Every structure is written in structure tokens, then in C-alpha cells.
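The stops below proceed by selection, one at a time.

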Amino acid sequence: MMAPLFSSKLLLVLLFGTLFGLILGVLPGLGPTTGGALILPFTMTLDPLSAIVLLTSIYCAGTYGGAITAVLINTPGTPAAAATCLDGYPLAQKGEAGRALGMATVSSTVGGIFSVVILVFFAPILAKLAYEFGQPEYFALAIFGLTMLASIGEGSPIKNLIAAAFGILISTIGKDFMTSIDRFTYGINELSVGIGFIPVVVGLFAISEMLTQSTLLHQVFKRVALKAVKLPSKEDYKKTWKTILRSSGIGSFIGVLPAEGGTVASLIGYSEAKRFSKNPEEFGKGSIEGIAGAEAANNAATGGAMVPTLALGIPGSATTAVILTGLIIHGVRPGPDLFREQPDFLYGIFGAMLIANILFFIFGFFGAKIFARITLVPNKILWPMIFTVSVCGTYSLSQSILDVWIMLFFGVLGFFMRRFGFSVVPVIIGLILGELVEGTLRQSLVIFDGNWLMFFTRPIVVTFFILSFIALIFPLLKKKK
Amino acid sequence: MNNVRNKKRANKSLPFFFKDEFKVFFVIIVVSTILLISTFSFDTVPPILNRGIQPATFPKGLLVLIIVLTILIYYLSFKKPWKKEKELPKNFFLTLLSFIFFIIISKTLDFFLAISVLSVFVSYNWGEKRFFYLLLVGIIFPFIVFVFFEMILGLRFPPGIITNLYYY
């Protein structure tokens, strides 16, 4: 499995990706999604495997990095670390920051490795199943993915659905791929090729975050002192091993579903840890189980989210949508054929994720103190620099100034979306799935000779439609309960 | 006495068109309707070449879905009003203004200059008054990024008064 990784270049890429991911995770407002999108243009200088190894190591390490900020300054470095704040910071305030970070590091590593094992076993099985899929099945699967995203994603399901529909709508801009008829181009030639993924992602994540930061300048972070990260004691292991395993399972499962991966996983992992705990009253006051539950789950979601990304070409989270874009721009088409034709490439990714989890354990254990200092970089210096990289990175992909303006537009839009409770993640997933949804729908209708009812003659399609329906009514039932 | 009167006034519910729910509903409905109308001007495929559905059908369906869901969230907001967001600070508008400066300068003068101006403007307005740091974010860092992209990725930035000095 590791054979493709035994090259100094790839190990160097892995090392850099892990370090860079940790830095991104530590910095509030940034994270593996924004970081991955910003670094995507640079990957053009790399071969496909190195590029994806870089992106996946950023994903793994970035997800863990958020815990350092959550524990030390009570601000999640990444949204996935929000649940870690609940007990990480109170424990750090009691003078046990080292213990809190030690538990976060160990549970993240276990969760991450567990999810890689799930990825290695389940991705090929899912890919094999996908051989049975025709266009109608892929259409139903994409619809199921989008409804799941709306249902279990953060915030209002209806707002999530609007955001997802908007994302799909963006994907229709440009020449229609079946008839070459212009749609929403309004005479602008550059729009004929459609709107690129990178300007939208960088805008929705980096630029909108810059605008958010402009509203938070008065905020003062109180950083808890950290002497050294401590490995959990025997008592801590006794107390948490079941929680870690449970959360690893939950995280991997949630990760497989197309949603906000780690964020949802950590919240469920945390609440389940509380439900099964012998001391639920300690939660919110510095419970070591709370940290373990949240961190194991959010890192387990990384491997889980890679399962549908690699096996079906359907991203399990916003960051895997960036990784999927990375695969596509490097000429690698995810799906069942990838498993048959390029197994070495896949084993390279699996191995890279495994090593990245071990590397961030080492870096986190010995370097958390240094990474924590990165949070001291003031926003007034950091964000103008991020803006520079965002603009140059966005421009570089197609050397188009229009892309930069599109990025700014989506930055402003993303800010207002988040302000009014619309998640931006469904827009990203909708944009990336848009072509698949429309393409498979239209090709299915060609196969069915325009008869929509024929969808219901295929068992897999009907199953996905039923699951989509359940996903849609699930939030309503939950509310009534 | 005045304070009590002011408090009472603040608690009084706003007219519906000042509420966030309505503003969001209004913007989405107007934009979606304009886009929906524009889909009627898309070219159509002659029946003999038409396979499946017309190119405008799919976006039309999406826009109708967005409109229906937006009406639904507005209807639900009567039962459960949205929480009032804090007013946006001056710095937000200044940052937004810097984006407009960026577009104007990059279009008329120079791409690199636009990045520098925005970086200095944002950094200064966000509270950075030290000259070295303004120089760092406005000149040194953009120059490093510029050279990096130019040399490593072989990228050619759009011509402008400063970029031309580098190229020629």
C-alpha cells in the first residue's frame, strides 16, 4: 500500500502538506477547505499523485489543527473543532491545557487512522457496487446526496436546499454541454466556459471570511498558557477508549454521507459521548470524554468523506469537493474505473492519509506550543496577505481577471449568506454535482425516451428516491419529537 | 425618562420591510424572477435534434424550486422570526469599499498596484499604523507572491503601469 509513497519527493510533499494543514487549522477562519482551494493552483507544478497527497495531508492535518485553537483560545480553528471548545477550553482554564491537547491529539489520530481503514475496505466495495449504476442511478444518487446535505448539514434544511439549488444553478452557466446553447452568459464570452470552481470556493470561504473578520476586529482572544502536551494517563485511556472507538465509527459513517463532514460528525460524536458517559454532568466543564468524543469523530470523518469522493466522484464534504476538483484538473476521473485502472494511485492516497495522521500526531505532540503561537499573527496583517494569495491563485488558473471579480462577488455573497443563516457548503457541493445532476437527468430521459415514470422502474433509483424522501422529512420529524 | 422611552421605541417591532426575513426573501425572489425570465430567451433546439429536455428546462426548474423554497422560509418566519443581526461596523464597509477600489485600479491602472492599495488600505483601517508592516503587506509580500507565481507557475499577469516595468 505504501510502495508509491517511498519516494523522497512524495514524503517531502506529505511533510509540507501536514505542516501547512496544521497552520491552516490553527488559524481561525482558515481551514483545510480554504487552504486546499488556495494551494490548488500550485499543485499544477506537481504530478497528480503528489498533488492529491498534498491536498489530502492538508485535509487530515487541518482538521486536527483546529483543536489546538479550540483548546487554547476557545475559538475553533476550523468549524469541525467547535464541539472541542466546549470541554477543551474549560479544561485548559483549570491549568490542564497539556492534558486536553494530549487527548485531542491521541483521539484525532485514532479517529483518523480508523477512518483510513474504513476507506481502504469500503471504497473498493462501493466502487464495485457502482459498476451496476447507469445514468438514472447516478442521478438518483446525486439527488440523495443533496437531500442528505440539506437534512443533516448545519442550519436550516430549507436554506441548505436553496443553497444547493443555487450551486447547481451556477453550474448551468455557460454553454450547455449537450447542445452548445449559451445559458446565463449575457453576451460575455468568458462566461461561455462556465464559472470555475476555484473562484467560487475562494470567494465563499476566504473572501467572505475576510469580511467576517472585518466585523470582529474588537474581539480579544485570551490565550491559555501551554507548557507541554501530555499523553493521556492510564485513567484517561480507561475513561475514554470506548468513546474514542464509538466516535470513530460515528465520524466515519457521517463522513461517508455528503454533508459538512467533520462539523456534524464532531457534534454527534460529542453528544453521544455525553449520552453514554457515567459522568454527563462534567460535560461543558472540562470533560476529557467530551474532547475525545468530538476530536475522534471529526478526524474520522476525513477518511469517511473520501469514500464517496473516490468511489463515486461525489464529495462527502466541502474539502473533499476541493480534492475532487484537484483530481479532475489533474486528469484523474474518480469512480469505479479509477479502482480498476489506477490501483497504485489509490493506494498512494490511502497510504498518504495514514502517514499524515501519524505525522500530525508527532507534530501536534511536540509542536503544539509553536503552532499555538501562530494564532498571535494579527488579523490586520494576516488577511491582506491571504487576499493577495487568493487573488493571484484565482487569477492563475485561467489567467482571467473576470475570475478575480467572480471571486469578489462570491465573497460578498458568501458573507451575507452566512449572516442570514445560509451555509455556503451546499453551494460548493451543488456546484460540483451540478453537471452530474443535469447530465445524468438528461441522458436518462434520452434513454427513457422522455418518459419520467421510467425512473420508478429501476430498483436502485427507487431506493435512492425513498432515502431522499426520508432525508427530507427527517428534520421535520426531529422537530416534532 | 428619555432612556425608558428610547427602550420602548427599540422594542417596538419593525415594519415588515425592514426585517431581515423580508429583505432576504425580496432579494432572492427578485433575482430568481429576473433569471427565470431570462431563461425564456435561451435558444431552443429544434424538435428533431432535441434529446431529452430543452437547455432552458433544467435551470427553469431550479429557479422555480428556489422561489418556492424562499416563499416557504418567509412563511415559516412568521411563526418563528429570525434573530436580529448586529449592525455592521464601519470597518466592514471600508473593506467592501476597498474591493471596489481594487476592481477600478486593476481595470484601469495595474493589477499589482490594486493588490498593494487594497492590502495597505485594509491593514491600515483594521488598525495597523506601523510603516514596516504596511510595507510588508502592501509591497514586500505581494512582490514575493508575484515573483513566485511568475517564476514557478510561469504565469503572466495582466499588463499595467507597474507590471510593465517588470516585464520590459
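Begin by selecting chain B and colouring it by secondary structure: from the N terminus on, the elements run α-α-α-α-α-α-α. The count is seven helices and zero strands. The model is a predicted one, and this applies to every stop of the tour.

Remain on chain B and colour its two domains separately. The domain assignment places domain 1 at residues 14–79 and domain 2 at residues 90–167. Between the C-alpha centres of domain 1 and domain 2 of chain B there are 38 Å. How much of chain B is buried? Of its 168 residues, 24% are buried. Among the contacts in chain B with a separation of 6 or more, 56% join residues 24 or more positions apart.

Next, display both chains and select the residues where they meet. Here 47 residues of chain A are in contact with 49 residues of chain B. On the side of chain A that touches chain B, the elements giving two or more residues are as follows:

- α6, residues 157–171 of chain A
- α7, residues 197–214 of chain A
- α14, residues 379–398 of chain A
- α15, residues 401–419 of chain A
- α16, residues 425–447 of chain A

Which element provides the largest share of this side? That element is α14(A), with 12 residues. Colouring this side of chain A by residue type shows 30 nonpolar, 10 polar and seven charged residues.

Show the side chains of its buried residues, among them Leu10(A), Val13(A), Leu14(A), Phe20(A), Leu22(A), Leu24(A) and Val26(A). The buried residues of α1(A) also include Gly17(A), Thr18(A), Gly21(A) and Gly25(A).

For the last stop, follow α3, residues 48–73 of chain A, to Ile73(A). Is Ile73(A) buried or exposed? Ile73(A) is buried, because 21 other C-beta atoms lie within 10 Å, and the cut-off for a buried residue is 20 or more. Finally, select Ile374(A) together with Ile73(A): the two are 301 residues apart in sequence, yet 12 Å apart in space from C-alpha to C-alpha.

Terms used
Residues are numbered from 1 along each chain as its sequence is written. Chains are lettered from A and ligands numbered from 1 in the order in which they are written. This is a predicted model: local features need pLDDT of at least 70, side-chain atom pairs count only at pLDDT 80 or more; totals for chains, interfaces and linings use all residues. Helices (H or I, at least four residues) and strands (E, at least two) are DSSP runs, numbered from the N terminus. A residue is buried if 20 or more other C-beta atoms lie within 10 Å of its own, exposed if 12 or fewer, and partly exposed in between; C-beta atoms are placed from the backbone. Two residues are in contact if their C-beta atoms, placed from the backbone, lie within 7 Å. Ala, Val, Leu, Ile, Met, Phe, Trp, Tyr, Cys and Pro count as nonpolar, Asp, Glu, Lys and Arg as charged, and the others, Gly among them, as polar. Domain bounds come from an automatic or database domain assignment.
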